[in-house]
Amino acid sequence: MAMARMGWDVDIYDGRPDLRLPSSKAATQQRSINLAISSRGISAIQAIDPAASDRFLQTVIPMRGRMIHDTRGKTYSQLYDRYGQCINSIDRALLNEGLLDEVSAVPNIRIFFKHKVIAVDFEEGAMTVQDIDSGINHQVQFDFCIGADGSYSVVRRQLMRVVRMDYQQEYIPHEYIELKMPAGQDDSGKPTFLLEPNHLHIWPRHSFMLIALPNKDRTFTCTLFAPTTELDRLRDKPAILEWFNEYFPDAVKLIGQGTLLADFQRNPRSPLMSIKAKPYHYKDRVVILGDAAHSMVPFYGQGLNCGLEDVRVLDLLMRGEAVDPNLRENHRADAAIQGAPEEKTRRIDEALARALQRYSDTRHEDLLAICQLAMDNYVEMRHSVTTPTYLFRKALDNILYLATARKPPAAWDEILSDPASPFPAGEVRSEWLPLYTMVTFRPDISYAVAKRKAERQSRILLGVGWCATAVTGFACIGIGLMHFNKVYRRM
């Protein structure tokens, strides 16, 4: 949609069938972690199509904070933000189908479903696409290729053949399984939530955890994250029930033993991986976005948001370089008039090449930062949220935030519209901002800046902690000496 708005004619090749067709619902249903969209993702959609953003927000359920469940079934709320900012649970199918509806309404976009990209020649500007129904391969010419084809990206693999790509793929020793908590019934028999719906529910158990996100049909999508070795032990129904009753007794009652067993044994165990790559482009021919460039573990809820932000940043950089999609068409027309073969006269679009180079150069640090933050947040969610140290630091964080931070704007569209500065907040040294606030609710702050600022603030808090410890120690020594003097005089 961003490219079409700039004037490009866009063809989309998707290996899957059209998700909106009833005949493809069952075949295309994929069990996957619920999506949480926050200010970064919302502001990115607003930058491309404000009307679409408004429509999507009508389908979300706001979550104001974390609801922590202990082993006795007691719950504790930890709000995300002092200003009431929320993350939003959104149904993956509704988002995917809604985006397809939006794209289909754009005149200069064509979608080819069940067409799988097999190979790409970036020098010739040609890709091999297989029609899955017929099995026939077609050659497709292109001017500019955007690879948004996921963690196992074909475009990224082809890009590796023409650039010196630094590439790292890491599987963590944990897997996830999805479970479903059904809706309850209120006094009048209507569906109702069995848990408080405006929270992300977490059952932290140190080395593993269960989470639950609300859905519009009053159900919750629950996801168990655990080490592979832990899941390997749960081989039969008695072992599964015993384990869940030990660690998540309140969740078992809400899900129901029968539903729990059926989901646990039927649903797949899925791996969790992190991908880092650089560069993300080649000349003016191709760029990779989203999971194809930076697949991350889901523990910061930023996979979707980061992918959408990729589009916003690339769009701004291309506009800043005044990329003209008609440039190649004019070159081809000139070549035809002069009788020259088209492939011999294909020139590099210098403006587009500069925009892509800048994207690779500036975006890489941010993507490394969020991949690391996502990995670190797993420890926080499954363990730290229950510790006194974490709770003390969070309280101090919020006090300093309250004393120094300014109220965020109601809308980000004008603030984020400058092509010269995709992240206008810069280094934000004047405010004290919790890391979660910067990552989730401040799209004007880049991930790398958020990580650096959080590290500086952590050092300050550590220093304050040591000073407090020293003052307490000296005070105790002083009190002890005073007491000793009194006793000594009496003697």
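Guide: Buried means under 20% relative accessible area. The model here is predicted.

Visitor: Which residues point each way from S16, and are they buried or exposed?

Guide: Strand S16 covers residues 209-214. Met 209, Ile 211 and Leu 213 point one way. Leu 210, Ala 212 and Pro 214 point the other way. By the cut-off of under 20%, the state of all these residues is buried.

Visitor: How many of the residues of S16 are buried?

Guide: The strand is mostly covered. Its buried count is 6 of 6.

Visitor: Which residue stands opposite Ile 211 of S16?

Guide: Strand S15, residues 199-204, runs antiparallel to S16 and is joined to it by 4 bridges. The residue opposite Ile 211 is Ile 202.

Visitor: Which residue takes a positive phi in the hairpin of S15 and S16?

Guide: This hairpin has 4 residues between the strands.

Visitor: What is the bridge partner of Leu 210 in S17?

Guide: S17 spans residues 220-227. S16 and S17 pair in the antiparallel sense over 6 bridges. Leu 210 of S16 points the other way from Ile 211. In S17, the bridge partner of Leu 210 is Leu 224.

Visitor: What is the phi of Arg 218 in the turn between S16 and S17?

Guide: S16 and S17 form a hairpin with 5 residues between them. Arg 218 sits in the turn, and its phi is positive, about 75 degrees.

Visitor: What share of the 491 residues in the protein is buried?

Guide: The protein has 17 helices and 20 strands. Of its 491 residues, the buried share is 48%.

How values were computed
Residues are numbered from 1 along each chain as its sequence is written. This is a predicted model: local features need pLDDT of at least 70, side-chain atom pairs count only at pLDDT 80 or more; totals for chains, interfaces and linings use all residues. Side-chain values use heavy atoms; hydrogens and water are left out. Helices (H or I, at least four residues) and strands (E, at least two) are DSSP runs, numbered from the N terminus. Buried means under 20% relative accessible area, exposed over 50%, partly exposed in between (1.4 Å probe, protein chains only). Two strands pair if DSSP finds at least two bridges between them.
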